[in-house]
Amino acid sequence: MDLATLLPVLWFFVIGFGVLMYVLLDGFVLGLGILAPFADDEHQRDLMMNTAAPIWDGSFLKPMR
């Protein structure tokens, strides 16, 4: 296999591994985003999103004053 054939295949696996790790390690919040369209009603969707709010907000830095 020459270099012109090997490099696209190699980058395919590198990028695929990166996307897979992002999906697996992001976990809870990404899972809620995927399941949100399947919620029965607006209340259930709000409940799902409110469970992730402390985790989501906790990962951001507050600006210093």
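Modeller: Let's start with a term: a nonpolar patch is made of nonpolar side chains joined within 5 Å, from residues with over 30% relative accessible area and no salt bridge. Keep in mind that this is a predicted model.

Colleague: Thanks! Which residues form a nonpolar patch on the surface here?

Modeller: The patch consists of Met 1, Leu 3, Leu 6, Leu 7, Leu 10, Trp 11, Val 14, Ile 15, Val 19, Tyr 22 and Val 23. Together they have about 1200 Å² of accessible area. Take Leu 7, which lies in helix H1 (residues 3–26). Leu 7 has a relative accessible area of 37%, so it counts as partly exposed.

Colleague: How should I read an aromatic pair, and how many does the structure hold?

Modeller: A pair of aromatic rings is described by the distance of the centres and the angle of the planes. This structure holds one such pair. The ring centres of Phe 12 and Phe 13 are 5.4 Å apart and the planes meet at 80 degrees, so the pair is edge-to-face.

Colleague: Are Phe 12 and Phe 13 buried or exposed?

Modeller: Both of these residues, Phe 12 and Phe 13, are exposed.

Colleague: And salt bridges: how many does a search of the whole structure find?

Modeller: The idea is that side chains of opposite charge can pair when their charged atoms come close. Here the search finds one salt bridge. Glu 42 pairs with Arg 45, with the closest N and O atoms 3.0 Å apart.

Colleague: Where do Glu 42 and Arg 45 lie?

Modeller: Both are in helix H3 (residues 42–58), three residues apart, which is about one turn of the helix. Glu 42 is partly exposed at 48% relative accessibility, and Arg 45 is partly exposed at 26%.

Conventions:
Residues numbered from 1 in each chain as written. Predicted model: local features only at pLDDT ≥ 70, side-chain atom pairs only at ≥ 80, totals over all residues. Heavy atoms only, no water. Phe/Tyr/Trp six-rings, centres within 6.5 Å; stacked < 30°, edge-to-face > 60°. Buried < 20%, exposed > 50% of the residue type's maximum accessible area, 1.4 Å probe, protein only. Salt bridge = Lys/Arg side-chain N within 4 Å of Asp/Glu carboxyl O. Helix = DSSP H or I, 4+ residues; strand = E, 2+ residues; numbered from the N terminus. Patch = residues over 30% accessible without salt bridge, like charges linked within 9 Å, V, L, I, M, F, W, Y side chains within 5 Å. Areas by Shrake-Rupley, 256 points an atom, 1.4 Å probe, with all protein chains shown as cover.
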